[in-house]
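Me: I would like to go through this model by question and answer, starting with the overall fold and then the helix contacts.

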Amino acid sequence: NRFWERNSMKFDLTFPKYAARMTRFLLVFLIVGTGILFAWKGWTYGAAWALGTLFHILFYKLMVVKFNQWVKAEREPEFIGQHLFIFTTMRFILEILCALAVVFSPLDILAFLGGLLTLPVATLAERVVGLIKE
């Protein structure tokens, strides 16, 4: 990866590393939450939780792909930061549209919203683990 060697001082790779950690935390929440809800309440709850959590996993994957594309295109760090912010802001609109779709499906809306709320919990868990490691 000569490109990364040439540009290691220009680009901060904190975001891809953070996204990878968050994806791992979200994956744990997806597996555990889906298993518990499927066994306890049935497939409509388990599937809704899984979709809510999977939304954020896929969102982070998309953000890393876009980040890598921008870095390879040698975009300025300010451009990358601004566009990551724009994508994050647009995520809320997409979450609302997904929630509306779930309302009109057989899936449980509260379980879907619970799956979406795994992101703040994962963020806090990631920070606590980071503090413990220090």
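Reply: Buried means under 20% relative accessible area, exposed means over 50%, and partly exposed lies in between, with a 1.4 Å probe and protein chains only. This is a predicted model, in which local features need pLDDT of at least 70 and side-chain atom pairs count only at pLDDT 80 or more, while totals for chains, interfaces and linings use all residues. Residues are numbered from 1 along each chain as its sequence is written, and side-chain values use heavy atoms, with hydrogens and water left out.

Me: What percentage of the 134 residues in the protein chain is buried?
Reply: The C-alpha atoms of the chain fill a box of roughly 55 × 35 × 20 Å along the principal axes. Of the 134 residues in the protein chain, the buried share is 35%.

Me: How many helices and strands does the protein chain have?
Reply: Helices (H or I, at least four residues) and strands (E, at least two) are DSSP runs, numbered from the N terminus. From that end the elements run α-α-α-α-α-α. The count is 6 helices and 0 strands.

Me: What share of the contacts with a separation of 6 or more joins residues 24 or more positions apart?
Reply: Contact means heavy atoms within 4.5 Å. Among contacts in the protein chain with a separation of 6 or more, the share from residues 24 or more positions apart is 76%.

Me: How are helix 3 and helix 4 oriented to each other?
Reply: Axes are lines fitted to C-alpha atoms, for helices over the stretch in contact, and angles run from 0 to 180 degrees between N-to-C directions. Angles under 35 degrees count as roughly parallel, over 145 as roughly antiparallel, 65 to 115 as roughly perpendicular and the rest as oblique. Helix 3 (residues 43-72) and helix 4 (residues 77-103) pack at about 155 degrees with their axes 11 Å apart. The two helices are therefore roughly antiparallel.

Me: Which classes of residue make up the contact of helix 3 with helix 4?
Reply: The helix 3 side includes Phe55, Phe59 and Trp70, and the helix 4 side includes Phe79, Phe87 and Arg91. Ala, Val, Leu, Ile, Met, Phe, Trp, Tyr, Cys and Pro count as nonpolar, Asp, Glu, Lys and Arg as charged, and the others, Gly among them, as polar. By class, the contact of helix 3 with helix 4 has 13 nonpolar, 3 polar and 3 charged residues.

Me: Is Glu74 buried, partly exposed or exposed?
Reply: Glu74 lies in the loop between helix 3 and helix 4. Its phi is positive, about 55 degrees, although it is not a glycine. With a relative accessible area of 42%, Glu74 is partly exposed.

Me: How far apart are the end C-alpha atoms of helix 3?
Reply: The expected span of a helix is 1.5 Å times one less than its number of residues. The 30 residues of helix 3 should therefore span 44 Å, and this agrees with the distance between its end C-alpha atoms, 42 Å.

Me: How are helix 3 and helix 5 oriented to each other?
Reply: The axes of helix 3 and helix 5 (residues 109-116) come within 7 Å and cross at roughly 30 degrees. Their contact residues include Ala48 and Gly52 in helix 3, and Gly114 and Gly115 in helix 5. The contact divides into 8 nonpolar, 5 polar and no charged residues. Helix 3 and helix 5 are therefore roughly parallel.

Me: How are helix 2 and helix 6 oriented to each other?
Reply: Helix 2 (residues 14-41) and helix 6 pack at about 120 degrees, with axes 9 Å apart. Residues in the contact include Tyr18, Met22 and Phe25 of helix 2, and Thr123 and Val129 of helix 6. By class the contact has 10 nonpolar, 2 polar and 2 charged residues. Helix 2 and helix 6 are therefore oblique.

Me: Is Thr123 buried or exposed?
Reply: Thr123 is found in helix 6 (residues 118-133). Beyond its neighbours within four places in sequence, Thr123 is in contact with Tyr18 and Met22. At 15% relative accessibility, Thr123 counts as buried.

Me: What is the C-alpha to C-alpha distance of Thr123 and Tyr18?
Reply: Thr123 and Tyr18 are 105 residues apart in sequence. In space, C-alpha to C-alpha, Thr123 and Tyr18 are apart by 9.8 Å.
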